[in-house]
Structures are given as structure tokens and as C-alpha cells.
2 protein chains.
Amino acid sequence: MSTTIINALTALIDFSDAELAEFMEALKPRKLKKNDFMLEAGTICKSMAIINTGGLRYYSITEKGEQSNWFAFEGEWLGDYESFLTQQPSLHFIQALEDTEIFCLSYDDMQKLYSKGIRFERFGRLIAENLFISTERSRHDLANLPADQRYLNLINRYPNILKRIQIQHIATYLGIQPQSLSRIRRNIASKKN
Amino acid sequence: MSTTIINALTALIDFSDAELAEFMEALKPRKLKKNDFMLEAGTICKSMAIINTGGLRYYSITEKGEQSNWFAFEGEWLGDYESFLTQQPSLHFIQALEDTEIFCLSYDDMQKLYSKGIRFERFGRLIAENLFISTERSRHDLANLPADQRYLNLINRYPNILKRIQIQHIATYLGIQPQSLSRIRRNIASKKN
């Protein structure tokens with residue numbers, strides 16, 4: 001198992017070697033080619049994935065077209081956590097931004113891990129808390145911040161994102177046209193000079 | 001302890017009588033008069049509250065004025081969960097919509113409960129998961145749904161909300177002017193007839 005995955009798991013809980021081995025046994029590797037789908041709208045999200053290499057884009061299709069909601073890269077978890085928790089069909093797509101290797105934890109295997117002891121339950125609580133914080137910040141920013149500030153927050157979080165994501169996906173994440181994003185980037189560049 | 005609180009706690013976990021007694025010992029009652037603040041922006045949210053009677057409004061102040069983000073009533077938990085988890089100052093206000101009785105669980109008491117056993121950890125995980133689902137739905141709706149659909153979702157969730165919340169608070173929750181909300185309500189009423 002890769003150090004990326006081990007580091008991501010032990011960053012939250014100081015698992016014993018035996019617990020870590022149990023966790024890793026539950027994680028099933030899956031390779032996605034660039035543009036492959038990990039999840040398509042209308043299907044149930046049966047696994048949460050932790051990314052070993054590559055990146056994923058989480059998006060929905062609305063009247064306005066594709067709407068990017070989230071991006072995730074190495075060492076981060078992604079899935080439609082709502083669909084996964086409720087086992088109801090997802091409204092979202094998850095697509096590989098580049099060739100990507102993920103490790104998948106199924107709903108049933110996750111429930112089995114939770115029943116194995118308090119540290120697995122705590123891991124699940126901390127994951128849920130962290131996802132809550134991420135989603136709440138995203139909701140807050142969407143409701144309260146202008147597009148240029150949301151753009152700055154995104155590139156602070158992922159300094160290399162412009163090299164890895166097509167500009168139109170960033171524009172739909174910000175809820176603006178690609179030409180508005182170009183203007184925002186020019187304004188930021190001119191302020192730096 | 002009120003049946004509202006007991007029902008809310010045992011809806012998630014079938015606590016034993018001893019566990020329930022431990023939980024209740026950690027909950028501290030607090031009475032708020034209408035318009036009293038449970039939380040003010042710039043302060044740390046030190047407790048999560050479960051509502052016994054009354055209702056609370058969760059809002060922020062932006063350039064556009066007050067922006068209502070959330071409402072909660074009997075049997076529901078509320079707090080700035082992000083500020084509570086990170087122990088960083090909140091960006092939000094929580095104000096009583098009417099005379100309200102809450103029971104408060106402090107950060108330290110919550111951590112102590114978690115260490116008491118797997119069922120308390122599981123409770124914390126389920127609370128975090130449910131808050132995640134609520135916030136994610138709110139984020140999704142804000143990004144993807146028009147105001148009239150978001151209004152219908154709100155009144156489906158709280159059928160009596162129009163009797164308990166001033167119309168301008170509902171308008172800021174929807175991100176529209178009160179007169180636009182009046183138009184939406186007229187349109188919905190005319191479709192029903």
C-alpha cells in the first residue's frame with residue numbers, strides 16, 4: 001500500500017499496525033483512465049474512494065450545463081457522500097481529470113470497520129466532520145463571496161490546480177463564464193505587479 | 001428532561017438508560033428570550049444546542065445585509081458546527097426567533113462523552129453525517145435550484161415556517177428580495193387553483 005494512503009489514514013487516527021492492516025484489506029484498488037467515470041448521476045455511490053495518484057472532478061449537469069462542484073487529488077477522499085450514506089441515487093458525476101488510481105471502501109465494508117472498535121468509529125466521525133467543514137465552507141463561499149475571492153481560495157487550496165484542470169471547469173466551479181475568469185486572472189496578475 | 005430531547009437523542013442511537021443519563025447530565029439548560037443571541041460572529045461557538053421549545057435562526061452579515069443560512073426548531077441541533085469543531089471564531093449569528101429553551105453540550109463535555117464508549121462515538125458520527133447531508137443539500141440547492149424551488153423545499157421541510165419566521169428572513173435565505181418572494185408565493189398559489 002502506498003505511503004500516500006497510509007499517511008492519509010494515520011493523519012486522522014493513530015491506528016495500530018493490526019488496525020491499519022484491517023483497514024487496508026477493506027480498500028479495493030481501481031484504475032481510471034483520464035475521463036473515465038467513477039460515478040454517474042442516477043446510480044448509487046457504492047464506495048468512497050481515496051486517491052493514490054491523479055485527480056477527480058465532482059460535477060452535476062444543470063440547465064446551464066456542467067457545473068463543477070468539487071475537485072480532489074492525492075491523499076483526499078471523494079465520493080458522493082450523501083448518496084453513499086443514504087444509499088439513494090446520486091445527482092452527480094465523478095470523472096477522472098487524468099489517469100488516476102483510487103482505493104475504494106464499500107458501504108458494507110465501512111460499516112464492518114465501524115463495528116470493529118471505537119477507533120474506527122472515531123475515524124468515521126472525523127471524516128464526516130472534515131467533509132462537513134469542507135462543504136460548509138463551500139456553501140458559505142458560494143452564498144457570500146464574489147467569484148474573484150472564491151477563485152483565490154481555490155488556488156490557495158490547490159496551488160497547482162491551473163496545471164491540472166481545464167479552465168472551463170474552474171469557471172463552472174465559480175459559477176462564471178470562462179471570459180470572466182480570464183478577466184479575474186488578469187486583474188489579480190496586474191495587482192501583483 | 002423533556003421527551004422532545006429524549007426522542008431526538010434516541011432517534012439516532014438506542015442508548016441504554018445509563019448512557020442516556022450520562023448524556024443528559026452533560027446537557028446544560030439555557031433559556032433565550034425572542035431576539036436573544038445564542039452566538040455572535042467573532043466569538044467561538046463553545047456549545048452545540050438541541051432545541052426543546054422554540055426556534056433559532058442562523059445567519060451572517062454580508063455586504064448585502066443579513067443573510068439567513070439556516071433555521072432550526074424543536075428536537076433539532078444547532079450551533080456553528082465548524083467554529084465548534086475547529087474552536088475558531090464564528091462568522092455567524094444565532095438568534096432566537098421566539099422565546100426558546102435549548103440544552104447545550106460544550107466542546108469539552110462532548111469529547112468526554114466520545115471517550116466513554118463506541119455508542120457515543122457512533123452518535124457523534126451520525127450527527128456529523130446528518131449535518132453533512134443537510135449542508136450538502138443546502139449547497140447543492142443554492143448552486144443549482146431557482147429560488148421558487150428552494151422556497152418549496154423549505155416549506156416542505158417546515159410546513160409551518162411561514163407562521164414562525166418573518167418573511168424577510170425567508171427572502172434572505174433564498175437570496176432574493178421580499179417582493180420577489182411575494183411573487184413566487186402568488187405564482188405557487190395560482191398554480192394550485
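In which helix of chain B does B:Ala171 lie? B:Ala171 belongs to helix 8 of chain B, which spans residues 167-174. The legends below describe close-up views of a predicted model.

Figure 1. When neighbours within four places in sequence are set aside, the contacts of B:Ala171 are B:Ile176, B:Gln177, B:Pro178 and B:Leu181. A further pair shown is B:Ala171 with B:Gln67: the two residues are 104 residues apart along the chain, and their C-alpha atoms are separated by 8.9 Å.

**Figure 2. The crossing of helix 6 and helix 9 of chain A.** Helix 6 covers residues 147-157 and helix 9 covers residues 178-192 of chain A. Their axes come within 10 Å and cross at roughly 75°. Because angles of 65 to 115 degrees count as roughly perpendicular, helix 6 of chain A is described as roughly perpendicular to helix 9 of chain A. Helix 6 of chain A contributes A:Ala147, A:Asp148 and A:Tyr151 to the contact, and helix 9 of chain A contributes A:Ser180, A:Leu181, A:Ile184 and A:Asn187. By class, the residues of this contact comprise 4 nonpolar, 2 polar and 1 charged.

**Figure 3. The largest nonpolar core and A:Leu56.** This core has 88 residues, and A:Leu56 and B:Leu56 are those with the most contacts inside it. Domain 1 (3-143) and domain 2 (145-193) of chain B each give residues to the core, so the core lies between them. In soluble globular proteins, nonpolar side chains tend to be buried together. Apart from neighbours within four places in sequence, A:Leu56 is in contact with A:Met38, A:Ile51, A:Ala72, A:Leu78, A:Ile94, A:Gln95, A:Ala96, A:Leu97 and A:Thr100.

**Figure 4. The contact between chain A and chain B.** Chain A supplies 26 residues to the contact, and chain B supplies 26 residues. On the side of chain A that touches chain B, two or more residues come from each of strand 4 (55-62), strand 5 (65-73), helix 3 (81-86) and helix 5 (118-144) of chain A. Helix 5 of chain A gives the most to this side, with 18 residues. The residues on the side of chain A that touches chain B divide into 10 nonpolar, 9 polar and 7 charged.

**Figure 5. A:Phe15 in a loop of chain A.** The loop that holds A:Phe15 runs between helix 1 (3-12) and helix 2 (17-26) of chain A. A:Phe15 counts as partly exposed because it has 18 C-beta neighbours inside 10 Å. Not counting residues up to four places away in sequence, A:Phe15 touches A:Leu9, A:Thr10, A:Leu20, A:Phe23 and A:Arg119. A:Gly54, 39 residues apart from A:Phe15 in sequence, is 26 Å apart from A:Phe15 in space, C-alpha to C-alpha.

**Figure 6. Positive phi at A:Asn35 and at B:Asn35.** A:Asn35 has a phi near 80°, a positive value in a residue other than glycine. This residue is placed in the loop between strand 1 (28-32) and strand 2 (37-39) of chain A. With 11 other C-beta atoms within 10 Å, A:Asn35 is exposed. B:Asn35 is found in the loop between strand 1 (28-32) and strand 2 (37-39) of chain B. B:Asn35 counts as exposed, with 11 C-beta neighbours inside 10 Å.

Terms used
Residues numbered from 1 in each chain as written. Chains lettered and ligands numbered in written order. Predicted model: local features only at pLDDT ≥ 70, side-chain atom pairs only at ≥ 80, totals over all residues. Axes fitted to C-alpha atoms, helices over the stretch in contact; angles between N-to-C directions. Helix = DSSP H or I, 4+ residues; strand = E, 2+ residues; numbered from the N terminus. Parallel < 35°, antiparallel > 145°, perpendicular 65-115°, else oblique. Contact = placed C-beta atoms within 7 Å. Nonpolar A, V, L, I, M, F, W, Y, C, P; charged D, E, K, R; others polar. Core = buried A, V, L, I, M, F, W, Y, C linked by C-beta atoms within 7 Å. Buried ≥ 20, exposed ≤ 12 C-beta atoms within 10 Å, placed from the backbone. Domains from an automatic or database assignment.
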